Amino acid sequence: LNALTILDLGFNAFNGTLPTELGRLRALQSLDLNSNSLSATLPTELGRLIALETLDIAINVLSGTLPTELSKLNTLTNFSFYSNNFTGSVDDLLCVDTWQWDVLEGDCVEIECNCCTNC
């Protein structure tokens, strides 16, 4: 699994929490978990996925704030997190000059995101 670059688990009706072991997939470039029933908060270990370019966690029941460890993902250019139960602001985390977003999709009513490309 050390060489795994794409993990597409979208549309599988998975429920429960995300395993912290996902952070061990250091070569992962794309993680698609959209349209499941995943709950709880995002594990901070996702910040270890330093090759990640695409993260799609949209349409789940995840909650809390996005972990600050996501700011370590310098290669991330596509991030979809809408249709969850996140709260707070992502402006200090994701809306800084160092990010070059192709896609940044969030719930701009429930969570403050002044740089989202789609709300």
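Here is a quick look at the sheet, the nonpolar core and the disulfides of this predicted model.

## The sheet

Four strands make up an open sheet, running in the order β2-β4-β6-β8 with parallel pairing. The edges belong to β2 (15-16) and β8 (85-86); each has a single partner strand, so one side of each has no neighbour in the sheet.

At the β2 end, the parallel pairing with β4 (residues 37-40) runs over two bridges. Asparagine 15 has serine 37 in β4 as its bridge partner.

## The core

The largest nonpolar core holds 31 residues, and those touching the most other members are Leu31, Leu42, Ile57, Leu66, Phe79, Phe81 and Leu94. Take leucine 94: leaving out residues up to four places away in sequence, its contacts are Leu66, Phe79, Phe81, Trp99, Trp101, Leu104 and Cys115.

## The disulfides

Searching the whole structure turns up three disulfides, and their pattern along the chain is 1-4, 2-6, 3-5. Cysteine 95 bonds to cysteine 115 with the sulfurs 2.0 Å apart. Cysteine 95 sits in the loop between α1 (91-94) and β10 (103-105), and cysteine 115 in the segment after β11 (111-112), so this pair ties together parts 20 residues apart in sequence. The link is left-handed, at -75 degrees about the S-S bond.

Cysteine 108 and cysteine 119 bond at 1.8 Å between sulfurs. The pair connects the loop between β10 and β11 with the segment after β11, 11 residues apart. Cysteine 108 is partly exposed at 27% relative accessible area, while cysteine 119 is exposed at 64%.

Cysteine 113 and cysteine 116 form a right-handed link, with 100 degrees about the S-S bond. Cysteine 113 is buried at 9%, and cysteine 116 is buried at 15%.

Key
Residues are numbered from 1 along each chain as its sequence is written. This is a predicted model: local features need pLDDT of at least 70, side-chain atom pairs count only at pLDDT 80 or more; totals for chains, interfaces and linings use all residues. Side-chain values use heavy atoms; hydrogens and water are left out. Two strands pair if DSSP finds at least two bridges between them. A nonpolar core is a set of buried Ala, Val, Leu, Ile, Met, Phe, Trp, Tyr and Cys residues joined through side-chain atoms within 4.5 Å. Buried means under 20% relative accessible area, exposed over 50%, partly exposed in between (1.4 Å probe, protein chains only). Contact means heavy atoms within 4.5 Å. A disulfide is a pair of cysteine sulfur atoms within 2.5 Å.
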